[in-house]
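Morning, everyone. Please take a look at the model on the screen, and keep the sequence open beside it.

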Amino acid sequence: MATAVPDGTRSLFDEGGILLGGDLPPAVASAVAAAVPGLVDSETSRVVDAGGTEVFVEVLVPPPRLLLFGAGPIGEAVCAAASLAGFVVEVGDPRPAFALEERFPAASAVRCGWPDDLLAHQVVDPSTYVVSVLHEAKFEDALLPVVLRSPARYVGALG
């Protein structure tokens, strides 16, 4: 027999399925908690059968992040396009004359430094995308092996 759940009942779970708060009945919350990690991993919202009770689980994920290395004209265009597409863009370049915030109004951060050093201070997770438009081996040779071993969802080098 399905557990009655009043309309508008809400609960909050973390990505591991731990109940953080809300008012779902314990049996329903337990069934939903079991489904949460898989839904988070697939970034999918859907109706879950919780022991005969249908519960809509909405998965909220942060926007994807683009680590963009290269602050030249191509980097400016990539930053603007990625920002319009919903990415949080962080720009890095070892050249102080290029790594200027005023050149990248759509970026959340602009940093000056060698790409592999900048990457060492970043959290790279499956929602991180990395693109290098530096076009020179001296900039990319140390970066690409590190980022290719990371869990980044996409790695691209244009040049």
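Start with the largest pocket. Its lining has 30 residues. Nearest its centre lie Phe13, Val57, Glu58, Val59 and Leu60. A pocket here is an open set of points on a 1 Å grid over the protein atoms alone, with protein on both sides within 12 Å along at least five of seven lines; lining residues have an atom within 4 Å of a point.

A word on the source: this is a predicted model, where local features need pLDDT of at least 70, side-chain atom pairs count only at pLDDT 80 or more, and totals for chains, interfaces and linings use all residues. Numbering starts from 1 along each chain as its sequence is written, and side-chain values use heavy atoms, with hydrogens and water left out.

Back to the pocket. Its volume is about 840 Å³, meaning the space filled by probe spheres set on the grid points, which are joined across faces, edges and corners. Which elements give two or more residues to this lining? Strand S1 (11-13), helix H1 (26-42) and strand S4 (53-57). S4 gives the largest share, five residues. Helices (H or I, at least four residues) and strands (E, at least two) are DSSP runs, numbered from the N terminus. By class, the pocket lining has 16 nonpolar, nine charged and five polar residues. Asp, Glu, Lys and Arg count as charged; Ala, Val, Leu, Ile, Met, Phe, Trp, Tyr, Cys and Pro as nonpolar; the others, Gly among them, as polar.

Next, the sheet. Five strands make an open sheet, in the order S7-S6-S5-S8-S9, with parallel pairing. Strands pair if DSSP finds at least two bridges between them. S7 (109-112) and S9 (154-157) stand at the edges with a single partner strand each, so one side of each has no neighbour in the sheet. On average, neighbouring strands are turned by 15° against each other, direction ignored. Axes are lines fitted to C-alpha atoms, for helices over the stretch in contact; angles run from 0 to 180 degrees between N-to-C directions.

Zoom in on S5 (residues 65-69). Five bridges join S5 to S8 (residues 128-132). Leu68 stands opposite Val131 in S8. Helix H2 (residues 73-84) packs on the sheet, touching S5 and S6 (88-93). Contact means heavy atoms within 4.5 Å. The direction of H2 makes about 175° with that of S5.

Last, the inside. There is one cavity of 30 Å³ or more. A cavity is a set of grid points where a 1.4 Å probe fits but cannot get out. The largest cavity holds about 60 Å³ of space. Leu68 is among its lining residues, as are Phe69 and Arg111.
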